[in-house]
Amino acid sequence: MEKTIIVTGGAGFIGSNFVYYMLDKYPDYKIICVDCLTYAGNLSTLKEALKNPNFRFEKLNICDHDGIKTLFEETRPDIVINFAAESHVDRSIEGPEIFVDTNIKGTQTLMEVCRELNVPRYHQVSTDEVYGDLPLDRPDLFFTETTPIHASSPYSASKASADLLVLAYCRTYKFPATISRCSNNYGPFHFPEKLIPLMIINALADKPLPVYGDGLNVRDWLYVEDHCKAIDLIIHNGKIGEVYNVGGHNEMANIDIVKLILKKLDKPESLITFVEDRKGHDRRYAIDPTKIHEELGWLPDTKFADGIEKTIDWYLSHKEWWQEIISGEYQNYYAKMYGGK
Ligand code: NAD
Ligand code: TDX
């Protein structure tokens with residue numbers, strides 16, 4: 001059956017992968033991307049989607065109540081999926097305010113418009129970071145959906161606040177929402193400020209690879225398409241009012257990822273430079289995905305060994321995409337964040 005889906009933040013990393021996933025899987029769906037194109041949003045990422053008559057792009061801020069309402073009134077979406085966010089922990093440490101505006105106020109604005117227009121379904125894309133971190137010496141511990149919220153950074157606190165608002169709307173107004181909390185994604189169109197693309201791009205340029213602290217912090221990596229698949233299942237079959245953790249049991253220490261990238265690119269480990277640790281750096285993330293597996297049948301398709309190979313190949317064959325990004329404002333960002341380290 002034909003549906004109209006609004007995807008906010010669809011010019012960013014995961015949102016754009018989701019746009020392509022949905023256009024491919026549901027040729028009769030209309031997909032509308034709402035994105036205000038911050039530094040992390042890139043219209044060239046959506047170049048191929050823009051050729052599809054079932055896709056439409058609207059440059060709009062999710063905090064703009066009237067603009068969002070006009071669009072929703074016109075297009076009458078069946079489902080709204082909120083990917084739009086400020087997403088980088090390091091930037092939230094430098095300047096938390098925009099994280100409060102976009103991640104909290106933006107979420108509330110979207111939900112308010114959905115409520116005013118009786119949009120039948122809303123999905124909030126959240127993160128495992130809302131649970132805080134786990135110790136390295138307790139490999140038996142995982143985040144479940146009932147793990148207490150215990151955010152560490154302004155970024156994760158803003159995402160946790162948004163989650164609490166979504167759940168409060170569900171209870172108070174019977175708002176028809178679901179939430180997914182996914183672990184670290186990797187894959188095509190990942191903005192170069194994040195660990196994996198940053199290390200690939202620096203290695204290719206024989207630049208130092210800045211590893212924070214001792215490099216032993218653990219992240220639970222998931223190929224982005226598997227995250228898209230999980231959201232697809234949740235919006236179609238997930239239970240209203242529920243939270244679903246998404247992760248593929250793929251924990252890796254940062255230093256091991258960096259060494260693997262160097263090996264794949266045939267570059268020396270002498271490029272690794274240990275730098276000052278991130279403030280409040282979460283030690284370990286690890287998702288227990290039992291609920292989404294048992295309730296919705298979700299399992300990841302891509303093994304890390306294949307996913308990282310595909311990702312490195314993608315960065316090698318899409319140099320124009322990331323070169324355009326790193327030749328602009330990104331250079332000032334890099335100098336500010338890594339210059340003194
Ligand atoms: P990203 O930074 O690559 O993209 C964010 C997008 O949102 C950009 O296109 C940006 O222009 C847009 N945006 C930002 N503020 C906006 C606003 N006020 N109005 C409209 N658009 C706005 O982020 P990402 O990594 O693709 O993350 C997408 C979502 O998934 C976020 O909500 C993030 O918290 C969540 N998440 C990310 C990961 C990960 O590993 N990257 C893991 C779990 C959850
Ligand atoms: O230069 C670096 N050196 C380094 O050692 C960078 C950018 C990162 N790191 C470390 C910090 C983390 O332990 O690598 C790990 C991964 O860092 P990021 O790529 O910044 O991701 P993380 O902080 O784990 O958050 C990501 O996953 C959860 C996303 O950016 C979030 O949006 C998502 O919610």
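An oxygen atom of ligand 1 is 2.6 Å from an N or O atom in the side chain of Tyr155. The protein covers 97% of the 830 Å² of accessible area that ligand 1 has on its own (Shrake-Rupley method, 1.4 Å probe). This is a predicted model: local features need pLDDT of at least 70, side-chain atom pairs count only at pLDDT 80 or more, and totals for chains, interfaces and linings use all residues. Residues are numbered from 1 along each chain, and side-chain values use heavy atoms, without hydrogens and water.

**Ligand shell**
- Ligand 1 is surrounded by 28 residues (a heavy atom within 4 Å).
- The closest are Ile14, Asp35, Ser87, Tyr155 and Lys159.
- The shell holds 14 nonpolar, 12 polar and two charged residues.
- Strand S5 gives the most to the shell, with three residues.

**Backbone contacts to the ligand**
- A polar backbone atom of Ile14 lies 2.7 Å from an oxygen atom of ligand 1.
- For Gly12, a backbone N or O atom is 2.9 Å from a ligand oxygen atom.

**Helix H2**
- H2 spans residues 65-75 (a DSSP run of H or I, at least four residues).
- Seen down the axis, the buried residues of H2 fall within an arc of 125 degrees (directions from the axis to the C-beta atoms), so they line one face.
- The face turned away carries Asp66, Thr70 and Glu74, which are exposed (over 50%).
- Arg76 follows H2, with a positive phi near 45 degrees.

Key:
Chains lettered and ligands numbered in written order. Buried < 20%, exposed > 50% of the residue type's maximum accessible area, 1.4 Å probe, protein only. Helix = DSSP H or I, 4+ residues; strand = E, 2+ residues; numbered from the N terminus. Polar contact = N/O pair within 3.5 Å; in protein donor to acceptor, adjacent residues only side chain to side chain. Nonpolar A, V, L, I, M, F, W, Y, C, P; charged D, E, K, R; others polar.
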